[in-house]
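Subject: Handing over a structure

Dear colleague,

I am passing on the structure below, and my notes on what was found in it follow directly after. Please read them alongside the sequence.

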Amino acid sequence: MKYLLSLILLTNIAFASYIIEFKGLEIGEIKNFNSLEQNYLEADVTNSIARFLLGKDKFVFYNEDYNGLKNDDNTKYKKDKYAIIYILKKAAANNTKDERLQIKENKYIDIKFDTNYKFKYTSKDRIKSEGFFVMKDGKLETFIEEVNSINIIKKEVK
């Protein structure tokens, strides 16, 4: 039942598109979050400068649990050092309870809920990532990672 509920909630955010920004610069567009279950997030590079620097049309963030292949020549693969995938999976579950997600020994994410979800990713007693995400009607609206300036914002429907 818990798996089914997570799947239903994940589909709520699966069909909206999102803009991903790094240090205030729009990098690309995330079409859906279906890949979170396989521990990665895929985005199309929409910024011409980013496309030139990467030399690729897509990029994939993956976490430590990713088991997929990295064989697409047109895709830049980048390990998620900031636990964004784990945090987005938590957002997809739409769970408002405070908790500590243990990733590995000395690596954990503390998530607190007041009006927004606040998170802090600590690795070896150092804060690697910190910020918040906003949910509205069970859907991700914004994800703001303040330490590394990574934002994921729901694209406005026109």
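The model holds an open sheet of eleven strands in the order 5-4-3-2-1-11-10-9-8-7-6, with mixed pairing, where strands are DSSP runs (E, at least two residues) and helices likewise (H or I, at least four), numbered from the N terminus, and two strands pair if DSSP finds at least two bridges between them. Strand 5 (75-79) and strand 6 (99-104) stand at the edges with a single partner strand each, so one side of each is left without a neighbour in the sheet.

This is a predicted model, in which local features need pLDDT of at least 70 and side-chain atom pairs count only at pLDDT 80 or more, while totals for chains, interfaces and linings use all residues. Residues are numbered from 1 along each chain as its sequence is written, and side-chain values use heavy atoms, with hydrogens and water left out.

Strand 8 (residues 117-123) and strand 9 pair in the antiparallel sense over seven bridges, with Glu130 in strand 9 as the bridge partner of Lys120. Strand 9 (residues 126-136) also pairs with strand 10 (residues 139-145) in the antiparallel sense, over six bridges; their hairpin has two residues between the strands, and Asp137 takes a positive phi near 55° there. Strand 10 in turn pairs with strand 11 (residues 150-154) in the antiparallel sense over four bridges, and in that hairpin, with four residues between the strands, Ser149 takes a positive phi near 55°.
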